[in-house]
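Work through the exercises below with the sequence and the model side by side. Try each task before reading its solution.

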Amino acid sequence: MGYISLWVLLLLFGLSLCAELLSNDKPLLAHYQGQNGQGKTYLPIFANPPETTFGGDFYTPTDYLDPFIQQQFAHKGNWLIFPPNRYHYSTINYFAQAPNPAPPSADNWLGTDEQGRDVLARLLYGFRLSVLMALAVTAITTLLGAALGALQGYFGGKVDLLGQRAEEVWRSMPELYLFIIFASVFSRSVGLLLLLLSVFGWMGVSAYMRAEYLRNRNLDYVRAARALGVGHRRIIFTHILPNALVPIITLLPFKMIAVIMSLTALDFLGLGLPPGAPSLGELLGQAKANLDAWWIGLSTVLVLMATLLLLTLVGDALRNALDPRRAVSNKQ
């Protein structure tokens with residue numbers, strides 16, 4: 001189950017990385033014949049020509065969902081190739097047949113939100129942003145926590161004592177209040193959110209790494225290395241680190257789950273990503289404000305459940321695979 005879940009998760013993440021090719025209000029290819037009869041092919045998804053190129057009156061980026069532009073390309077010799085879903089996460093469907101939030105239809109497969117934006121597009125881009133944010137925060141906190149925990153556990157004594165007291169002080173900081181303060185003082189951005197999630201997320205990794213180094217620092221192979229005159233840096237990175245990585249590796253999927261849940265909760269409270277960004281938490285907030293728009297809450301909850309379930313199965317499989325007691329029992 002863990003192996004299958006890993007491949008399913010990689011497949012979904014790979015598709016989300018190609019979100020611009022799967023869900024976009026700009027066509028992948030556009031062929032237009034002007035008044036001189038000469039046709040030209042465009043790549044609007046990379047370089048969107050102005051509306052005047054296709055017979056419009058304004059020198060503005062072309063809106064390919066505009067009925068006038070659609071009529072221009074309906075002439076013989078002109079054609080458009082759209083992505084499977086014709087909406088970007090920021091596209092507002094001004095031509096919806098029902099008031100927003102509109103239920104699922106042939107145009108909007110999962111309906112629209114309260115601003116008329118396509119729910120499927122926002123889920124696709126929001127899933128990608130959540131996973132990328134989880135990967136970035138997990139990488140930063142793992143490196144930071146592992147470094148600090150290794151130093152405390154290896155040197156012990158005053159280094160460990162001062163490090164533990166500083167960590168206790170930092171752990172007692174009210175994270176939610178700090179997020180509220182920073183959200184009111186600074187403009188919300190992905191960089192600020194990444195920084196705040198990282199500076200508070202390293203302590204769990206540090207505790208695991210500190211325990212592993214405290215356990216390994218007095219073992220025979222470390223004592224032998226010291227007796228042979230091996231330096232501290234080589235002992236830390238070459239001798240102890242490979243033996244201390246098992247609990248850290250098994251912790252990574254669960255760390256990603258914690259980051260995704262934190263990001264969703266902050267966006268739900270309006271303290272996370274900047275306004276307009278594709279966010280699963282913001283969709284949950286809209287579902288709470290529009291209880292009759294069941295398609296918003298149902299689709300968002302299903303995406304969150306599937307993501308967290310896949311990560312949990314991968315984490316459990318990774319933990320079982322790296323458990324030495326389980327490996328011994330299998331050999332027996």
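Predicted model: local features only at pLDDT ≥ 70, side-chain atom pairs only at ≥ 80, totals over all residues.

Residues are numbered from 1 along each chain as its sequence is written, and side-chain values use heavy atoms, with hydrogens and water left out.

**Exercise 1. Work out how β1 pairs with β2 and with β3.**

Step 1. Helices (H or I, at least four residues) and strands (E, at least two) are DSSP runs, numbered from the N terminus. Two strands pair if DSSP finds at least two bridges between them.

Step 2. Take β1 (residues 29-33) with β3: they are antiparallel, with three bridges. Here H31 has W79 of β3 as its bridge partner.

Step 3. Take β1 with β2 (residues 39-42): four bridges, again antiparallel. Y32 is bridged to K40 in β2.

**Exercise 2. Find the cis peptide bond and place its proline.**

Step 1. Go to the bond from N100 to P101, which is cis with omega near -5°.

**Exercise 3. Describe the largest nonpolar core.**

Step 1. Define it. A nonpolar core is a set of buried Ala, Val, Leu, Ile, Met, Phe, Trp, Tyr and Cys residues joined through side-chain atoms within 4.5 Å. Buried means under 20% relative accessible area, exposed over 50%, partly exposed in between (1.4 Å probe, protein chains only).

Step 2. The core has 34 residues, and M133, L193, L197 and I296 touch the most other members.

Step 3. List the elements. Those giving two or more residues are α1 (2-17), α4, α7, α10 (232-268), α11 (280-289) and α12. With seven residues, α4 gives the most.

Step 4. Inspect M133. Beyond four places in sequence, it is in contact (heavy atoms within 4.5 Å) with V190, L193, L194, L197, V259, L263 and L273.

Step 5. Look for another core. One of 14 residues lies apart, and its members include A146, I236, I240 and I248.

**Exercise 4. Are S16, L65 and L308 buried or exposed?**

Step 1. S16 lies in helix α1. S16 counts as buried because its relative accessible area is 0%. Outside four places in sequence, S16 touches L124, F127 and R128.

Step 2. L65 is in the loop between β2 and α3 (67-73). Its relative accessible area is 16%, so L65 is buried. Setting aside residues up to four places away, L65 touches D25, Q70, R86, Y87, T91 and F95.

Step 3. L308 belongs to helix α12 (residues 294-321). At 18% relative accessible area, L308 is therefore buried. Excluding residues up to four places away, L308 touches I257, I260 and M261.

**Exercise 5. How many cavities of 30 Å³ or more are there, and what lines the largest?**

Step 1. Set the rule. On a 1 Å grid over the protein atoms alone, a cavity is a set of points where a 1.4 Å probe fits but cannot get out; lining residues have an atom within 4 Å of a point. Points are joined across faces, edges and corners, and a volume is the space filled by probe spheres set on them.

Step 2. Count: there is one.

Step 3. Name the lining: F179, F182, A183, R188, S189, L192, L193, L196, L271 and G272. Two or more of these residues come from each of α6 (175-185) and α7 (190-199).

Key:
1 Å grid on protein atoms, 1.4 Å probe; cavity = no way out; pocket = protein on both sides within 12 Å on 5 of 7 lines; lining within 4 Å.
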